[in-house]
Amino acid sequence: MSQSDLKKIHLVGTDHEAQWDIRDIKATKLYARLAIKIKESKIDLIGEEFFEGLLLKQPIKVEETTAQRISNKYNVKHAFCEPDENTRKELGVLTQKLHRKKFGTRSAIEGTNEHAIRKEFEKSFWPIKEGYWLNQINKTNCKNIIFICGASHLKSFGDLLTGNGYAVTVDEL
């Protein structure tokens, strides 16, 4: 494989609030880290574990994600790579609504036993979700990518990317 054919992806693992809540210090750190990486490398895509409909579901008014803001500033292509609610159903991945129904509303409260059980159950869907992310990334035909996801996905998604011909670097916020 020639140097020009090499596909590179820089994984950035973070807390999901950093992706959308501009009031959160983690969002500021994420923005700064992305700016540095864009300046250091010729990034042609910023993808993220997020879908556009999630912007409407946040507790504050959110018009764009941190990744969208930095993409717009530096004129870098942006892609939402998380399956939306309808696609999740098609893939057989439980939606948040079905998670609450299956595990109860307490499962949304971090630190509860119900939350821990739900989180463990959700991991069984990671291969499907991460495979979907990979397909979304591949559709772009971009070769120098930043991908933002929950920090707990760094190992499994990094392994999937490596197995599919990507040179992977990892950064956890």
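H2 passes H3 in a right-handed crossing. The model on screen is a predicted one.

**Stop 1: helices H2 and H3.** Select residues 25–40 for H2 and residues 66–74 for H3; their axes come within 10 Å and cross at roughly 35 degrees. To see the contact, show side chains on both helices. From H2, the residues that take part are Ala27, Leu30, Tyr31, Leu34, Ala35, Ile38 and Lys39. They meet Thr66, Ala67, Arg69, Ile70, Lys73 and Tyr74 of H3. Sorted by class, this contact of H2 with H3 holds 9 nonpolar, 1 polar and 3 charged residues.

Stop 2: Move on to Asn75, in the loop between H3 and S3. Its phi is near 55 degrees, which is a positive value in a residue other than glycine. Asn75 has a relative accessible area of 73%, so this residue is exposed.

**Stop 3: the sheet.** Now select the strands. The sheet is open, has 5 strands in the order S3-S2-S4-S1-S5, and its pairing is parallel. Which strands stand at the edges? Strand S3 (77–80) and strand S5 (166–172) do; each has a single partner strand, so one side of each is left without a neighbour in the sheet. On average, neighbouring strands of this sheet are turned by 20 degrees against each other, direction ignored.

**Stop 4: strand S4 and its partners.** Select residues 144–150 for S4 and residues 7–14 for S1, which pair in the parallel sense over 7 bridges. Is S4 mostly covered or mostly exposed? S4 is mostly covered, with 7 of its 7 residues buried.

**Stop 5: H2 again, from the sheet.** Bring H2 back into view. H2 packs on the sheet and touches S1, strand S2 (45–48), S4 and S5. The direction of H2 makes about 165 degrees with that of S4. Select Lys37, which is placed in helix H2. Leaving aside residues up to four places away in sequence, Lys37 touches His10, Ile43 and Ile146. The C-alpha atoms of Lys37 and His10 are separated by 8.8 Å, with the two residues 27 apart along the chain.

**Stop 6: helix H6.** Select residues 113–122 for H6, then His115, Arg118 and Glu122, which are buried. Why do they count as being on the same side of H6? They cover an arc of only 65 degrees around the axis, and this puts them on the same side of H6. An α-helix has 3.6 residues a turn, so residues three or four places apart point the same way. The buried residues of H6 pack against helix H5 (96–103) and helix H7 (126–140). Turn to the other side of H6 to find Asn113 and Glu120, which are exposed.

Stop 7: Finish at Asn141, which lies in the loop between H7 and S4. Asn141 is not a glycine, yet its phi is positive, at about 60 degrees. With 65% relative accessibility, Asn141 counts as exposed.

Terms used:
Residues are numbered from 1 along each chain as its sequence is written. This is a predicted model: local features need pLDDT of at least 70, side-chain atom pairs count only at pLDDT 80 or more; totals for chains, interfaces and linings use all residues. Side-chain values use heavy atoms; hydrogens and water are left out. Axes are lines fitted to C-alpha atoms, for helices over the stretch in contact, and angles run from 0 to 180 degrees between N-to-C directions. Helices (H or I, at least four residues) and strands (E, at least two) are DSSP runs, numbered from the N terminus. A crossing is left-handed if the near helix is turned anticlockwise from the far one by less than a right angle, and right-handed if clockwise. Contact means heavy atoms within 4.5 Å. Ala, Val, Leu, Ile, Met, Phe, Trp, Tyr, Cys and Pro count as nonpolar, Asp, Glu, Lys and Arg as charged, and the others, Gly among them, as polar. Buried means under 20% relative accessible area, exposed over 50%, partly exposed in between (1.4 Å probe, protein chains only). The arc is that of the directions from the helix axis to the C-beta atoms. Two strands pair if DSSP finds at least two bridges between them.
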